[in-house]
Amino acid sequence: MKPTAHHATSQTSAQHAGAGDASDASDASDAGVVSLPVLLWTLLGSALAWSLHLGVSYALLAYACTTGWQQGARLALGLVSVLALVCIAWSAWVARRRWHVARVLDQPVDDVWNARMGERSSRTSFLMVTGLFLSLLFAIGVVYSAITLYALPLCAAGLSA
Amino acid sequence: MRESREKQQRAFEATWDAPKGPFGVFRTIDNMPIAVRYMVTSFAFFLIGGILALVMRLQLSRPDAGVVDPETYNQLFTMHGTTMMFLFVIPFLEAFANYVIPLLNGTRDLPFPRLTALSYWTYLFGGIYIYSSFLFGVAPDGGWFAYVPLTLKEFSPGPGIDFWDIGLSVAEVAAIGAAAEMIVGILRMRAPGMSLNRLPLFCWALLITSGMIVFAFTPLIVGTAMLELDRKELTRFFDAGYGGDPLLWQHIFWVFGHPEVYIMFLPAVGILSHVVQTFSRRPVMSYTFMVLAMIATAFLGFGLWVHHMYATGLSPTGMGFFAAASMAVSIPSAIQVFGWITTLWAGRPVWRTPLLFGIGGIVIFIVGGVTGVMVAAVPFDLQAHDTYFIVAHLHYVLIGGVIFPIFAGLYYWVPKFSGKLMGERLGRWNFGLMFVGFNVAFFPMHLSGLNGMPRRVYAYPAGMGLELYNLISTIGAFVFALGVLLFLVNVYRSLRSGEEAGNDPWRGDSLEWSQTSPPPNAQFAVIPVVRSRHPLWDQSTLLPVEGDDPAVVAAVRQLDHAPAHWRGSLIVGTLDGRPLAIAHLPRESRWPFIMSVGLTILFISALVEIRWVVLLGVAVTGAAIVGWFWPVDTETTAIDEQRVSGGSEVRLPLAVGDRSANGYWGTCVLVAIIATALATFLSAYFYLGNDPSPVPRAEAPPLGIALLTAIVAGFSGAATRWLTHQIDHVASSTRRWPLGMLFTSVIALVLLSVAVWRDTSLDATASGYASSVLGLVGFAGTLSAACAGMLVAALAWAWRAPRDPRGRGVALNCSLIAYANVAVWLVVLATVHLWPRVAG
């Protein structure tokens, strides 16, 4: 059901783009234009979420280890990870949607290798694909650190963070 | 018609000529000559740093050798690390960038040519300053990381650490200045049509690296300032005896120090991508993934710093977070490596010297990367920590990931810089000796490290099984040095009798190869039009063709050998490279040199503490600031031309006095620097406040004066809002009233900063906590003072020439700093006064 829906979306956008100036499609067309906040969110949202997650987690941990607030701390740290993952997923979802809208503007890449590597030639597609895969990378980063929460003791005996 | 055109071309070329005369050297602000000086200077530092390393290797070639005494050995490894990190790699890569970025981008210069010159001079003086300590026999000996408490006054009473601390600050200023320049240059000054997805990878690398420099070097500047204050016993940030914390220094240092590795590595990724692409005769595999890998590395690189501190006894989960990030960062590095391998695989490689150095670098870097994953694991690191295993790992990463790519870049671009090809045969010998010598020198260090040989110790006893490894390492080091020597011979022979390079000896894809070698000073008399990621491979012409955007065609026509009497270059939209405006660039200036002299005197005065030296430094720097901001004649010409032109022809406006100006974007970078500095002071506050220190914390300071200060800050914000409103919406405004109000409120904040500090009744020499409060309040006060200084310039414009767009531009830039100032004050007051009440 879902792929059909996407297919329909891209077809609509193709018609939409076709109505504009196709020769200049990679540079300017309504389908390819993404507002600055959306662009920043899709490109760097996941990276920011990961950075904040690391900073907040480390500060929380330092606080927990100096005050002895350990039970709740583990839960709070887990929540921070979940929140970060939600943000990353959101950024990825927006990037993927905008990419689907924009990719009708991609000119054919006449290079088998690059085409196979998912290389994109329009500016918006390029940025959205970058954002999408960055989200995947930073999601891995968050999951990696979340694992340590359940594998290791929170604080060392007698030492602070 | 033709005559007038020739006349214009001559005038254009004369405008772009470098200043002549005996003092021309000090007035030149062109990117290319300065880049060459930068390269020569930093390469000289590389050679010096290398000689220091060779002396160390001689000392370690046999057990208990008596080549140097332990004190000298400490100086040697400190200066080797400091030189290579701060005086060679970063400046050298910036030199590359200074030269190549405008050429790659198809523009005529960098956005702030005077800042280019200032960066070079401060870097040169900073380097000389640090090395002058050898003359007095007091070279720094606390390691390139200067760990406290060893580097505090108590354990390092001599001036060596002060030389390190202060000289480094000078060099850091240069790095941050260059970073601001790169960010604005790459985002705003490109050829029309060069959208972000057509940006050459070296430009992407430098853009990302420069962003990292802003966020990494600023904490280091704050940290070294704290260290210097502690050494003068004015504060106690790091002194455990007073409730300071030595680990705070390690946190601050490594939050700079680890990103620093990637700050060095990412430009090398850019160089390697160009080299691999050109010599594989095909586009680099998956440009998109190369870019995203660099962005990912830039962020992940900031989340690794604690892995330098595994042995300090932090909480296991905390270390786990950073071990996780250290593992994760290998993913983007692997993406890059596989990108290069597949590019070579799918291409038809031409095995010239640059590619040899490129591939040699990749191979070595992979080994360093794999040992990196090993030491990212906490249990392994605890075993290997402070042994030669780490020395091997870091040299595999840095020499493979940075030095070999630098040599690849040199062999690749020197023909462009000099117009002469380098000898291929000698180049192969150069590569072979360096590659073999490197592996012979550093591979045995893995083994000596695993056998327990500690770093930074000047001797080892016989009979521990370390003799052979060390002897082999020493031999390898000298073979490596011989390779570097061959490079110098090759450069000398190439300059003397090298083959002519022509425009494009390698059949490269990017715009620099479309120009003569060396390129003319104006670089692109005719602005190229970019329609592809690989313009020289894919485009039949760089001139406009039918079907091009009319705005692009008009821009190229307007800038064809023009403007003739002042230096102008194109400003484009950040995302798509659409022509927006023309930037005026100054032609020459003596002020960068004079300012760097003034700054150096100021930094010397911090060491010698003689009053007249301080005053001299202030006077020279002050004079240079005034001279710098004094109206430039050619800019007046440009503005006048703008005023009289008009008519029906579509012409790009001059980027002055609004948000398209480079100065505005540069100020935005400055705001990011201010935010990072504030974050560093805040971290110190919470870190020291959180510490279960033996010194009891003071009560929350009384609210009275703080409340008044907050009101003044709010007033200052309102005045700034009024100012920007007048700039944007009231064309006839002289801006005198809002500027006057803003100036008054900012001066009041400067005075109030003293009152706020007094009001806390804390003694910074008595506790770490008090020092951190002083840090916050002092930072806010200093920022207000700097803002007041900028406002003087804005007021001067408002009174003397309120209609001049330059004055409007200065006011606009001031408004950004004024907003930042208000935000800093509100955060500082909330932290110092409200946080203790909330947290109890």
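Q: How do you know that B:Arg428 and B:Glu424 are separated by about one helical turn?
A: They sit 4 residues apart in helix 15 (residues 424–450) of chain B, so about one turn lies between them. A helix here is a DSSP run of H or I with at least four residues, numbered from the N terminus. Bear in mind that this is a predicted model: local features need pLDDT of at least 70, side-chain atom pairs count only at pLDDT 80 or more, and totals for chains, interfaces and linings use all residues. Residues are numbered from 1 along each chain as its sequence is written, chains are lettered from A and ligands numbered from 1 in the order written, and side-chain values use heavy atoms, without hydrogens and water.

Q: What makes B:Arg428 and B:Glu424 a salt bridge?
A: The term needs a side-chain nitrogen of Lys or Arg within 4 Å of a carboxyl oxygen of Asp or Glu. Their closest N and O atoms are 3.5 Å apart, so the pair qualifies.

Q: Why is B:Arg578 called partly exposed?
A: Because its relative accessible area is 33%. B:Arg578 also meets B:Asp576 in a salt bridge at 3.7 Å, N to O.

Q: What links A:Arg123, B:Asp576 and B:Arg578?
A: A network of salt bridges; A:Arg123 meets B:Asp576 at 2.8 Å, N to O.

How values were computed
Helices (H or I, at least four residues) and strands (E, at least two) are DSSP runs, numbered from the N terminus. Buried means under 20% relative accessible area, exposed over 50%, partly exposed in between (1.4 Å probe, protein chains only).
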